[in-house]
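Thanks for coming, everyone. Please look at the structure as it comes up, and keep it in view while I talk.

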Amino acid sequence: PYECFTALRTESGPVSYNERGKFWEVFEYDDVLALASDHETFSSDGSQFVEHPDQMVKGQSVLTTDPPRHRQLRSLVSQAFTPRAIASMAARIAEITHNLLDQVAWQGAMDIIADLSYPLPVIVISEMLGIPSEDRAQFKHWSDQMVVSEYEDLSRDNIEEYNKRVRTIMRQTLDELYDYFRQVLAERRLQPRHDLVSALLAAQIEGESLSEPDILAFCALLLIAGNITTTNLIGNALLCFDEHPEAMEQLHARPDLIPQAIEEVLRYRSPALLVGRYATRPIEIHGQTIPRGQLIIGWLACANFDQVQFPQPERFDIERTLNRHLAFGHGIHFCLGAPLARLEAKIALGILLERFQHIRRERTQSIETIRSVFIMGPKHLPVTFRAR
Ligand code: HEM
């Protein structure tokens, strides 16, 4: 990833206009940081600037709102994500991880993605939301559909046609996803339970309840954005350790280094590649004036290799200090699920390294990665191991 993201940055200069996509791109750490955190200059709410608001956007989540609405939504949903609430899930996360590993321990071989890193976050978030985790094949299908840049068969030369197809696929997927959650909401209205969906239905902001589209948008965000990224974090960690066997050895001997190693994985193989914002006024960046209303993409993955911020960025160093990576974004939109993702990765990797030795990627197969402009991670990661 280092070569790839450094080339992207050096070839484009610090800021460039993407003619085909009709958006701007920034790559350097300071610029990406400013884009993510200066919410007055850079808005997360595209609906006020895009000429034909996409019918696809139904309801608003924290991700696509600016203050004051963002503050209201975030204060409501963050109640379920307090450090205490997340820490209380540790025992259950460990139990799920053990159950998943029990199923493959006897084989001496597993696919890290299918057997561990996909099911774990899906089961956790399903239990939080109060939906049956047995529906996870369906959730996976929706997640795959939303990562629509996978549709390689569409001619990239015809960007208009491509964008149209992408929007259609995303709209269909969201329709299905929303229908699913509408049913859950109807059930919880009749019979509230101790789950996130019931809590969202009961929640009030200044005497006002969340609208149904807002709740649907948030549930969809958790189910898609939260899961796929956490799956990639665990998969990317194993990829990094496989490329750097000395790191794997060190972690076997010093599991206390796992949290620091996870931060380095987040920097080195960022699961979410970019954030997008709209300029709320004409803004000059490195001598280029970006007009009001234009979309600007900030490449988190490139910023995480900026040598001004990270000495020897090409080195994967699990003992790196002052690792202020931007993998979870920055500012008011800083990832709400970061403590949960970090906890799941810490527990999953800790138990994996404790129970299994000699974890090696199967060399007979090349690494197949997800082809997406938004996210990065392996599709499958077959490994062999020796259970202790
Ligand atoms: C926001 C990455 C896991 C829920 C974000 C943002 C990034 C990100 C970069 C900022 C987007 C922006 O500024 O426009 C990641 C990565 C994850 C992860 C790399 C895993 C390694 C999760 C999980 C959940 C979650 C597990 C929930 C279960 C959210 C929410 C937001 C968000 C709700 C929007 C916050 C806001 O706009 O105020 N995430 N995420 N994420 N993430 Fe995550």
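Two strands pair if DSSP finds at least two bridges between them. Helices (H or I, at least four residues) and strands (E, at least two) are DSSP runs, numbered from the N terminus. This is a predicted model, where local features need pLDDT of at least 70, side-chain atom pairs count only at pLDDT 80 or more, and totals for chains, interfaces and linings use all residues. Residues are numbered from 1 along each chain as its sequence is written.

Let's start with the five-stranded sheet. It is open, its pairing is mixed, and its order is β1-β2-β10-β7-β3. β1 and β3 are the edges; each has a single partner strand, so one side of each lacks a neighbour in the sheet.

Take the β1 end. β1 covers residues 15-18 and β2 covers residues 23-26; they pair in the antiparallel sense over four bridges. S16 stands opposite E25 in β2. The two strands form a hairpin, with four residues between them. In that turn, K22 has a positive phi of about 60°.

Now step across to β10, residues 295-299. β2 runs parallel to β10, and three bridges join them. W24 has I296 in β10 as its bridge partner. For E25, the partner in β10 is I297. So much for the strands; what packs on the sheet? Helix α2, residues 29-37, does, and it touches β1, β2, β3, β7 (274-279) and β10. The direction of α2 makes about 125° with that of β10. For angles like this, axes are lines fitted to C-alpha atoms, for helices over the stretch in contact, and angles run from 0 to 180 degrees between N-to-C directions. As for touching, two residues are in contact if their C-beta atoms, placed from the backbone, lie within 7 Å.

Next, the three-stranded sheet. This one is also open, with the order β4-β12-β11 and antiparallel pairing. β4 (109-111) and β11 (356-361) are its edge strands, each pairing on one side only. From one strand to the next, the twist averages 30°. β4 pairs with β12, residues 382-387, in the antiparallel sense over three bridges. There, D111 stands opposite P382 in β12.

On to the ligand. How many residues are around it? There are 26, and G226, T229, G329, C335 and G337 come nearest. Here a residue is near a molecule or strand if its C-beta atom, placed from the backbone, lies within 6 Å of it. α11 (212-243) and α15 (338-355) each supply at least two residues of this shell. α11 gives the most, with seven. By class, the shell has 18 nonpolar, seven polar and one charged residues. For those classes, Ala, Val, Leu, Ile, Met, Phe, Trp, Tyr, Cys and Pro count as nonpolar, Asp, Glu, Lys and Arg as charged, and the others, Gly among them, as polar.

Stay with α11, and look at its helix partners. At what angle do α11 and α13 pack? The angle is about 95°, and the axes are 9 Å apart; α13 is residues 258-268. That makes α11 roughly perpendicular to α13. By the cut-offs, angles under 35 degrees count as roughly parallel, over 145 as roughly antiparallel, 65 to 115 as roughly perpendicular and the rest as oblique. L233, N236, A237 and C240 in α11 meet I262, V265, L266 and Y268 in α13. This contact has seven nonpolar residues, one polar and no charged.

The other partner is α15. Its axis and that of α11 come within 10 Å and cross at roughly 40°. That makes α11 oblique to α15. The crossing is right-handed. A crossing is left-handed if the near helix is turned anticlockwise from the far one by less than a right angle, and right-handed if clockwise. From α11, T229, T230, L233, I234 and A237 meet A341, E344, A345, A348 and L349 in α15. Here the contact residues divide into seven nonpolar, two polar and one charged.

Last, two backbone details. The peptide bond from P67 to P68 is cis, with omega near 5°. P68 sits in the loop between β3 (42-43) and α3 (69-77). Then there is H286, a residue other than glycine with a positive phi, near 45°. H286 lies in the loop between β8 (283-285) and β9 (288-290).
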